[in-house]
Amino acid sequence: MRTRYAPSPTGFFHIGGARTALFNYLFARHHQGIFICRIEDTDTERNVSGGIASQLDNLDWLKITPDESPRNPGAFPPYVQTQKLKRYQDLAHKLLKENKAYYCFCTKEELQQQRVTAIKNGLTPKYNRHCLHLNAKEIQEKLHQGIPAVIRLKMTDDTNLAWNDLIRGKMNVHTSALTDPVILKSNGIPMYNFAVVVDDYDMQITHVLRGEEHISNTPYQIAIKQALGFDQRMIEYGHLSIIVDDTGKKLSKRNSELKQFIEDYKQMGFLPEAIANFLALLGWSSKNNNEIINLSEIIKEFDINRISKAPAFFDFKKMLWISNQYIKKMPPNEYLSFVLSFLKIDTTFFRNKNLLELTLLTFQSQLSYASQINDLITNTFLTTNFANIPNDVQKMLDDGSFQININAFKNVLLSYDEITLENANEIVNKVKKITKFNGKNLYLPIRFIAIAKEHGPEMNKILTIVGKHAILKNIDTFL
């Protein structure tokens with residue numbers, strides 16, 4: 001088995017492309033096959049700088065590195081389409097000689113007028129084959145005059161083009177519904193459907209999983225393959241469902257607030273394992289309906305019969321939950337190394353490296369992506385504002401219990417050199433013994449005076465991280 005992911009560098013690594021790449025990777029790996037990435041860059045006007053690197057770098061980041069690609073070519077180079085233009089040109093001219101294709105000299109304006117006329121007459125807009133009827137002399141005269149010409153495939157009449165879709169079952173399209181497609185542009189660059197067929201044949205691709213928007217391309221590719229005599233090497237196609245956002249519309253940067261590119265999630269600090277897990281569940285499910293399933297387990301389980309034809313919902317909340325499960329399970333040292341690279345805040349608040357690491361570890365179970373750490377630390381420890389008094393605190397101030405608690409807390413603190421994880425609970429228990437307060441009456445004033453919040457992490461961690469001197473200063477400021 002040889003599968004492929006064949007992006008065009010007209011944009012960066014999109015969620016939809018990532019899902020397609022992943023499914024081809026999983027399908028190949030499950031059957032001990034080869035996964036290939038080639039670059040379809042013939043739309044030269046729309047190619048963006050860095051587009052190829054974005055595709056290959058992020059495949060590596062997701063840990064679905066191709067066995068063959070422009071970076072590690074295999075036995076069937078080149079892996080970039082613009083490096084094999086002569087191959088496409090030679091095959092297009094071969095079809096001309098065999099009378100399976102023909103020159104077309106129609107201008108854009110003439111083609112547009114044909115389209116308008118067809119629609120006006122209630123017909124399917126398609127090329128009217130005007131140039132198919134030119135004789136050899138007329139063709140040579142136009143070529144001699146330098147009139148731009150494309151090459152069109154001559155579709156066979158009254159033919160049914162059928163395939164057994166790996167996901168959707170039996171499908172077929174009659175050639176009466178199709179036009180004679182351009183296979184080679186006047187500048188010698190192949191059209192998408194022609195180049196794809198040639199590349200798949202040259203690279204011995206056996207199975208193609210791609211988005212359902214390519215269903216309309218499939219009959220044309222079958223026709224081109226037949227014209228070229230490539231039938232002896234059959235390819236099986238499977239068309240994945242679209243991915244929709246929470247409005248039910250196809251995931252698109254034009255109609256969704258969701259981030260569209262893998263690079264965005266990488267920069268936010270999502271784990272690649274979590275992204276791969278989430279993407280695998282966009283249209284596929286494990287036999288046990290497991291939600292947290294790593295790449296090696298998915299490979300073992302991957303069954304193309306479990307791919308759904310229904311639209312796949314991009315559930316961002318589910319993505320956050322899956323990512324949180326992975327972060328929570330990270331070993332402490334691995335987690336610290338990971339999250340430190342996303343830390344943007346001023347760390348001078350933390351008196352030493354150990355306190356910074358304690359703070360980072362304190363929030364590990366709450367993170368869905370690493371950059372969240374900045375807001376969590378800032379909102380918890382770096383914004384001590386006593387201007388807004390919560391109702392529960394105000395009640396304690398009114399009845400005097402808050403002041404009793406805090407004065408006792410201050411006196412206990414003064415007897416310690418510093419607060420540590422080991423003595424923090426001892427300090428609170430001494431306050432309890434002095435005040436005879438329990439529950440909220442004990443803990444709320446202490447937490448509030450430490451971080452100016454009603455809620456937060458465990459008390460011993462709060463007190464240790466903020467420290468004796470900062471808490472004493474807060475007490476004097478507040479009172």
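**Note on strands and helix packing**

1. Asn164 has its bridge partner in S6, and that partner is Lys170. The strands concerned, S5 (residues 160–165) and S6 (residues 169–174), run antiparallel and are joined by six bridges. A hairpin of three residues takes the chain from S5 to S6. On terms: strands (E, at least two residues) and helices (H or I, at least four) are DSSP runs numbered from the N terminus, and two strands pair if DSSP finds at least two bridges between them.

2. A word on what we're looking at: this is a predicted model, where local features need pLDDT of at least 70 and side-chain atom pairs count only at pLDDT 80 or more, while totals for chains, interfaces and linings use all residues. Numbering starts from 1 along each chain as its sequence is written, and side-chain values use heavy atoms, with hydrogens and water left out.

3. Next, the open sheet. Three strands make it up in the order S3-S4-S7, with antiparallel pairing. S3 (101–104) and S7 (182–184) are the edge strands, each pairing on one side only. From one strand to the next, the twist averages 45°.

4. Within that sheet, S3 and S4 are joined by four bridges, with Cys104 opposite Val150 in S4. Two bridges link S4 (residues 150–153) to S7, and here Arg152 stands opposite Val182. Which way do the S4 residues point? Val150 and Arg152 go one way, Ile151 and Leu153 the other, and all are buried (buried is under 20% relative accessible area, exposed over 50%, partly exposed in between, with a 1.4 Å probe and protein chains only).

5. Now for H1 (residues 15–30) and H9 (residues 272–280), which pack at about 85° with axes 9 Å apart. That makes H1 roughly perpendicular to H9. Axes are lines fitted to C-alpha atoms, for helices over the stretch in contact, and angles run from 0 to 180 degrees between N-to-C directions; under 35 degrees counts as roughly parallel, over 145 as roughly antiparallel, 65 to 115 as roughly perpendicular and the rest as oblique. On the H1 side, Ile15, Ala18, Arg19, Leu22, Phe23 and Leu26 meet Ala276, Leu279 and Ala280 in H9; contact means heavy atoms within 4.5 Å.

6. H3 (residues 85–97) and H6 (residues 192–202) cross at roughly 110°, their axes coming within 11 Å. So H3 is roughly perpendicular to H6. The residues that meet include Tyr88 and Leu91 from H3, and Phe194 and Tyr201 from H6.

7. H16 (residues 401–414) has 14 residues and reaches 20 Å between its first and last C-alpha, close to the 20 Å expected; the expected span is 1.5 Å times one less than the number of residues. Its buried residues are Ser401, Phe402, Asn405, Ile406, Ala408, Phe409, Val412 and Leu413. They cover an arc of only 160° around the axis, which puts them on the same side of H16 (the arc is that of the directions from the helix axis to the C-beta atoms). Their packing partners are H15 (391–399), H17 (424–435), H18 (439–451), H19 (459–466) and H20 (468–478).

8. Have a look at Lys225 too, in H7 (residues 218–228). Is Lys225 buried or exposed? Lys225 is buried, with a relative accessible area of 4%. Leaving aside neighbours within four places in sequence, Lys225 is in contact with Val197, Phe230, Asp231, Ile235 and Tyr237.
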